Amino acid sequence: MSLNTLSRTLSRSRLRPSFRTLSLRFSSSSSIQSSPSSCPAPSSQNDARQGQPHFPCVDAHAARASRIMASLSQFRPTPDNTQADTGPEPPYARPNPASYHIYHHPQPLPLSYSPTPLPSFDIAYETWGTLSPAKDNVILLHTGLSASSHAASTDLNPAPGWWEKFIGPGKALDTNQFFVICTNVLGGCYGSTGPSSIEAETGEPWATRFPVLSIFDMVRAQFLLLDHLGVNKLYASVGSSMGAMQSLAAGWLFPERVGKIVSISGTARSTPSSIAMRFAQRSVLMADPNWNNGFYYDGLPPHTGMKLARQIATITYRSGPEWDQRFGRQLRQVPETPTQELGPNRTPALCPDFLIETYLDHQGEQFCLKYDANSLIYISKAMDLFDMTYPSLKALNIKPLPSPTIPSQDQLQQQQHKTSHSKSHPPPVNPPPHLSDLAAGMAPLVDIPTLVLGVQSDILFTVEQQREVADALRMAGNANVSYYELGGVWGHDTFLIDTLNVGGAIRGFLS
């Protein structure tokens with residue numbers, strides 16, 4: 001049965017599982033434990049002459065669709081307790097619903113890009129540590145695109161979180177000292193309101209009727225949670241990747257309520273290159289026929305598009321030097337062939353031959369049923385829209401902005417001494433033309449001590465973008481900006497892996 005036939009059959013059946021049920025089942029299914037597109041042996045040229053060519057990496061999509069159909073007919077979800085052992089990648093697992101709290105906000109939330117507010121919303125959150133009597137030891141931890149609120153293990157959910165090695169007694173976010181809060185962002189699918197949530201007016205999932213969000217919308221929802229908890233001021237706003245955008249946005253929206261900012265591998269202005277990478281992911285996802293303009297919750301989800309989107313994303317999260325060290329040009333083992341070298345006795349396959357190919361295949365297979373496709377589309381779009389330059393912020397009209405001050409030539413020369421560059425990292429010959437606008441836009445953060453961390457091997461949020469954040473803050477008059485660049489080969493995902501350097505910098509800054 002072809003993939004399209006399966007999709008039509010399932011649509012006619014009008015089965016109505018929730019995304020939560022589907023992902024819970026498949027997060028621990030055999031489809032995650034092994035990658036069917038990598039395991040079968042490649043067909044030889046002789047086999048192709050005798051019959052139809054065989055492409056396991058393509059057949060895997062139809063096989064996955066069959067397993068989904070079987071799962072939908074059974075409706076027997078299983079707990080998500082499978083941890084993939086594929087290297088240094090941290091777990092991005094769905095938390096058990098009993099392990100996070102839900103804050104329901106019954107009032108409308110004004111939105112940046114919609115004249116109609118969101119009628120109400122839920123925010124899922126988890127906490128670590130003890131809240132001080134004065135409620136002045138709170139750290140708000142912001143997540144990346146697809147992370148849940150489960151940043152570290154808890155008594156309710158002992159499974160390791162996505163920042164497990166950074167949260168706890170004596171760690172970077174020391175729970176002996178701080179009360180740490182982490183939420184699933186607005187627009188997500190791990191407990192917070194998003195496209196897969198039920199719209200009260202229709203009784204159906206929002207799907208693509210859900211309004212376009214901004215990073216600022218996500219942060220305002222988080223601060224309404226803080227209001228509910230009675231937290232007037234954060235000790236620190238901490239985030240990596242998209243979380244760094246949120247951390248900066250928190251300081252911009254509520255400068256009087258943020259004590260310190262930590263921005264790791266983020267940006268204050270999404271660049272064309274990162275927008276292009278995310279657009280490519282959305283394009284392959286939306287091209288999946290099962291996406292159905294976002295209305296797939298009654299049937300087969302766009303699992304093929306999600307797998308391909310995750311493969312593209314994984315390329316941007318790591319680095320070429322790491323893969324040289326980790327995989328090189330090694331081939332996957334095929335026991336039934338007389339040699340492990342490509343040649344007459346082992347014909348190259350059009351499906352994965354190299355280990356790096358099987359790695360990408362596994363990453364996509366592992367992720368494609370764990371996350372809602374519409375959430376990926378909406379949240380990645382919010383990242384693209386993020387721009388803290390003065391003209392962009394003024395156009396959003398989120399809050400009143402003072403008129404930008406135009407520095408004199410003498411002031412510009414003095415500002416050059418405040419930038420992040422050093423002898424080993426000289427300033428560019430032609431500074432970006434938007435730097436002055438960025439400094440003007442970030443003026444509300446002038447009194448907030450800020451740590452900016454960049455990674456030299458990061459191709460998604462390059463070190464130039466990290467220097468730009470630090471430069472703009474210093475040009476705006478912030479005299480308490482700490483800036484560091486980290487080495488290593490892990491690329492953008494360094495913030496998830498390098499506990500020694502990332503954790504040490506955070507711990508030192510917060511102490």
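This report describes the sheet, the nonpolar cores and the cysteines of a predicted model.

Residues are numbered from 1 along each chain as its sequence is written, and side-chain values use heavy atoms, with hydrogens and water left out. Because the model is predicted, local features need pLDDT of at least 70 and side-chain atom pairs count only at pLDDT 80 or more, while totals for chains, interfaces and linings use all residues.

**The sheet**

Helices (H or I, at least four residues) and strands (E, at least two) are DSSP runs, numbered from the N terminus. Two strands pair if DSSP finds at least two bridges between them. Eight strands make an open sheet with mixed pairing, in the order 1-2-6-3-9-10-11-12. Its edges are strand 1 (101–105) and strand 12 (481–486); each has a single partner strand, so one side of each is left without a neighbour in the sheet. On average, neighbouring strands are turned by 20 degrees against each other, direction ignored. Axes for such angles are lines fitted to C-alpha atoms, for helices over the stretch in contact, and angles run from 0 to 180 degrees between N-to-C directions.

Helix 16 (residues 463–475) packs on the sheet and touches strand 11 (450–455) and strand 12, where contact means heavy atoms within 4.5 Å. The direction of helix 16 makes about 170 degrees with that of strand 12.

Strand 3 (residues 138–142) pairs with strand 9 (residues 236–240) in the parallel sense over four bridges, and His 142 has Gly 239 as its bridge partner there. Strand 3 also runs parallel to strand 6 (residues 179–183), joined by four bridges, with Leu 141 opposite Cys 182.

Buried means under 20% relative accessible area, exposed over 50%, and partly exposed in between (1.4 Å probe, protein chains only). Five of the five residues of strand 3 are buried. Val 138, Leu 140 and His 142 lie on one side, and Ile 139 and Leu 141 on the other. In a regular strand the side chains alternate between the two faces of the sheet.

**The nonpolar cores**

A nonpolar core is a set of buried Ala, Val, Leu, Ile, Met, Phe, Trp, Tyr and Cys residues joined through side-chain atoms within 4.5 Å. The largest has 84 residues, and those with the most contacts inside it include Leu 186, Phe 223 and Met 442. Helix 6 (residues 215–229) gives the most to this core, with eight residues. A second, separate core of 31 residues includes Ala 151 and Leu 451.

**The cysteines**

A disulfide is a pair of cysteine sulfur atoms within 2.5 Å, and the count comes to one. This disulfide joins Cys 57 to Cys 351, S to S 2.0 Å. The link is left-handed, with -75 degrees about the S-S bond. Cys 57 lies in helix 5 (residues 56–74) and Cys 351 in the loop between helix 10 (320–326) and helix 11 (355–367), so the pair ties together parts that are 294 residues apart in sequence.

| Cysteine | Relative accessible area |
|---|---|
| Cys 57 | 18%, buried |
| Cys 351 | 8%, buried |
| Cys 182 | 0%, buried |
| Cys 189 | 1%, buried |
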